[in-house]
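Here is a friendly walk through the structure for someone meeting it for the first time. Please keep the view open while you read the numbered points.

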Amino acid sequence: MSSPTSPLTAAIALLPEDEIVPGSSALALTGITRTFPGVTALADVGLDVRAGEVHALVGENGAGKSTLMAVASGALAPDIGEVVIGGRRLTSASPDEARGLGLAIVRQDPALLPDLTVAENLAIGVGQTRRGGLKRAPRWAQEHLDPWQMGIDARSRVSDLSVEQRFVVEIAKALALKPRVLVLDEPTEHLNNDEVQRLFRRVRELTAAQAAVVYISHRIPEVKEIADRITVLRDGRVRGTFEADDVSESQIIELVVGRALDTVFPPKSAEAGSLREEERLAVRGLSGRHFHDISLSVKSGEIIGIAGVQGNGQEELIRALAGIEPATGAMEIGGRPVKLGSHVAAAKAGAVYVPSDRHGEGVFLPLTVGENIVMKTLRRVSRGGIISDRAIEEVSREQIARQAIKTPSDRTAISSLSGGNQQKVVLARTLLAEPRVLLAEEPTQGVDAGARVDIYTILRGAADDGAAVVILSSDGVELEGLCDRVVIMSRGHIVAELEGDAVTEAEIARAALTSTTMRTREDATPRASRLRSWLRGDHSPAAVLGLVALLLAAFVGLNNPAYFSPFSLGNILFAASMLIFIGSAQQVVVMGSGFDLSVGPLLSLLVVIASFHVVEGGSILVGLVLMVIAALAVGFVNGFLITRFSLNPIVVTLAIALGLQGTLFLIRSTPGGIITSDVTSVIFTKIGFVPVITLVAIAVALGLEWALRRTRWGVELRAVGSRRDAALRLGINANRVTLVSYVVTSLLVMPTAVILMSQIGIGDGRPGLSFTLSSVTVLVLAGASIFGGRGSFIGIIVAAILVAQILGVPTFLGLSGAWGYWLPGVITVGAAVLYAQLRRIRKS
């Protein structure tokens, strides 16, 4: 009887073992040189990774490890050098080509698309978006996620996952590719010990099948445990390759740093004499999400650590102390009460928070190093609200020197710095704020050995200056070496406190493990889970709008029964047909994180073009063909200018809109050309009181909704709108997707033009101009994200019907025509407020 196999084991069985010679070169990098402005990231680097081995790549932040792997994975082109994967040369900087040759990579910053589901992310990552792959993706993805025991639902959005769960999804995605070469870039930074061991088991299974693994990590004990060989990078150059058994941890660290680390941790407060008797932070009976009845105090000059098995409320507690998480109880800083659940109140009281999610919450990536450093102390570098560049330069240069931040200058974009140097910038900004309480969550996460020493010195320096420092860390050695006291949490409670000589890694581990043997997790009830899932979905706005539409219809109908006459309902549905088409047109481009201000002028131009041909005695076919050509041309020009020259879509489409308006009034300065009844009679065809064209519009919108969820085009469109840089890393041709979206948008304007010209019966360009605003109104009411990635065409249908209703309300209620403008505005603002609250519920 055969034993069951895991998805990974099954995947490994499919590797072409007959083509892999044990010990042969799986990945060869030769003479790799790569420079950036002012920095040589890699200089003549060579690396040979053999089939069946784990080859560790270690070095400080900024040593060039991630840059080297970006070159290997096709994400970055080298200035000089060659990449060979499985004996075949990588001919261009193409992630798709690298994947095709058998290389998969797990990055420090996961290439995940937050607005897509976990299953869709995995499907895109392994290229299963064709031939019905998306339909099977949820079950297939769940099979790859279940072995990790992380409670990840493949149908959940990535944005709803924790940081730890996102990293597991990224690892599962890479393993699902059945790689010949797997690159793991800091894969364990967000994993607990059990999850690390699961990863190591899977790595060993891969190497047993003669795949090669490149393992990048700052955690030297893990490197020693998992690696067969180790290559050390320093300052963009290889400093040696060694058998893992031939070098000790201390030797590796000295090679990495380039000097002996005699003293890793600075003296504690008791040794340095910096501890004061003043109680700086006091917490009593603090309770919140995942933690209960917490009481503790921290003295001025003291560093206290928070430890425990992951998921026992530590993260929520430290964020509650910073005012980011809601809580009840009492908190005082310097003897004064602080309002809980308010980060503004906490900051005013002198509490400063250093987050664990450096990219998401710590740094402002578009800004420079100097701007990031002074962000919390702008008053010091400004007068009368005017920022002084000279003051920024003086302050930032002083901090760069003091905190040993490696950067070409203070004007360098912080996104180009290594993780350790970005963390030093965050700490420099923190210290400039002169914190009374410093709250640091995983302050050395993803930081190399040398930078860790610098950060420990910075944190101890803050305590020596009188701050109360609270550190949340999963590193027992770090807590032992740095903290004066450590509290251990289990099941949301403080279950132990260690002080003085009792603060050791062994005691911390013992207290955490013996206290959590019977711990339970908080689970939502199935009913609450279904409600939360629905609220997080794209279709919840449609249900809300549907209810509003029914209530509005009931109110108007009670005041004027004529509202429910077949004639009235038919007119509402006819008006809705145009709004469905124009709203769908705008949504297509917005889904890809674009915008089109030219839809109204294009609509008017198409009506004017039709007025020369779709008339009595004219050629309807020629007129329709010319309309299609014009729509295609405008869509292509919009998309081409935006993608080819990286121009802002609002700027481009505004310019095109102005050009189209000038053109249509040049062609026909006054209304003219009567539209033939052969077309209008078709457009006005009804089944009962329902216009056929409305049914067509609904069918088109439903077709677009299906395409959005079930076709490669739709998923790639949402991917680009969700996170363009991640989409590019996954091999999606973002420029092509964007270009096609603008062409599709323009084509959807075409049926709107046919309906409008049939309604007005003459070639007049003026009525169509207002449809740009109408498209935006429908889009906002439908609950689509104007930043891209999220939306529903079902919502567009309901929003269009609601807007058509609103436009007719003043007539039936005997109100002024001005209400035709006021009501849409009021309801649009109301919808925006409602959706903001829904988003808040989704997060909580």
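1. A word on terms to begin with: helices (H or I, at least four residues) and strands (E, at least two) are DSSP runs, numbered from the N terminus. With that in hand, look for S584, which is found in helix 22 (residues 566-591). Please bear in mind that this is a predicted model, in which local features need pLDDT of at least 70 and side-chain atom pairs count only at pLDDT 80 or more, while totals for chains, interfaces and linings use all residues. Residues are numbered from 1 along each chain as its sequence is written, and side-chain values use heavy atoms, with hydrogens and water left out.

2. Is S584 buried or exposed? Its relative accessible area is 2%, so S584 is buried; buried means under 20% relative accessible area, exposed over 50%, and partly exposed in between (1.4 Å probe, protein chains only). Contact here means heavy atoms within 4.5 Å. Leaving aside residues up to four places away in sequence, S584 touches A701, L704, L748, F793 and I796.

3. T680 counts as buried because its relative accessibility is 14%. Again not counting residues up to four places away in sequence, T680 touches I675 and S758.

4. Now step back to the overall layout. The domain assignment gives domain 1 (7-102 + 177-258), domain 2 (106-173), domain 3 (262-518) and domain 4 (536-843); such bounds come from an automatic or database domain assignment. Between domain 3 and domain 4, the C-alpha centres lie 50 Å apart.

5. Strand 6 (residues 103-106) is worth a close look. From this strand, L103 and I105 point one way and A104 and V106 the other way, and all are buried. Strand 6 pairs with strand 7 (residues 181-185) in the parallel sense over four bridges, where pairing requires that DSSP finds at least two bridges between the two strands. To find your place, note that L103 stands opposite V181 in strand 7.

6. Next come the aromatic rings. Rings of Phe, Tyr and Trp (its six-membered ring) pair if their centres lie within 6.5 Å; planes under 30 degrees apart count as stacked, over 60 as edge-to-face and the rest as tilted. By this rule the count comes to eight aromatic pairs. One of them is the edge-to-face pair of F200 and Y215, at 6.0 Å centre to centre with 70° between the planes. This pair links distant parts of the chain, 15 residues apart: F200 is in helix 7 (residues 193-208) and Y215 in strand 8 (residues 212-216). F200 counts as buried at 0% relative accessibility, and Y215 is buried with a relative accessible area of 0%. Elsewhere, ring pairs link Y563, F564 and F812 into a cluster.

7. Some charges sit over rings, which here requires NZ of Lys or CZ of Arg within 6 Å of the ring centre and within 35 degrees of the ring normal. R202 lies over the face of W148, at 5.2 Å from the ring centre. R668 is placed over the face of F612, at 4.1 Å from the ring centre.

8. How many salt bridges does a search of the whole structure find? The search finds 30 salt bridges, each being a side-chain nitrogen of Lys or Arg within 4 Å of a carboxyl oxygen of Asp or Glu. One to view is E393 with R411 (4.0 Å, N to O). E393 lies in helix 15 (residues 389-402) and R411 in the loop between helix 15 and helix 16 (419-432), so this bridge ties together parts that are 18 residues apart in sequence. E393 is partly exposed at 24% relative accessible area, whereas R411 is exposed at 55%.

9. Compare two further bridges. D475 and R452 form a salt bridge with their closest N and O atoms 3.2 Å apart, and D475 is buried, as is R452. D725 also bridges to R729, with the closest N and O atoms 3.7 Å apart. Both residues belong to helix 29 (residues 724-729) and, being four residues apart, are separated by about one helical turn. D725 is partly exposed at 37% relative accessible area, while R729 counts as buried at 17%.

10. A last stop: R157, D538, E705, R709 and R790 are linked in a network of salt bridges.
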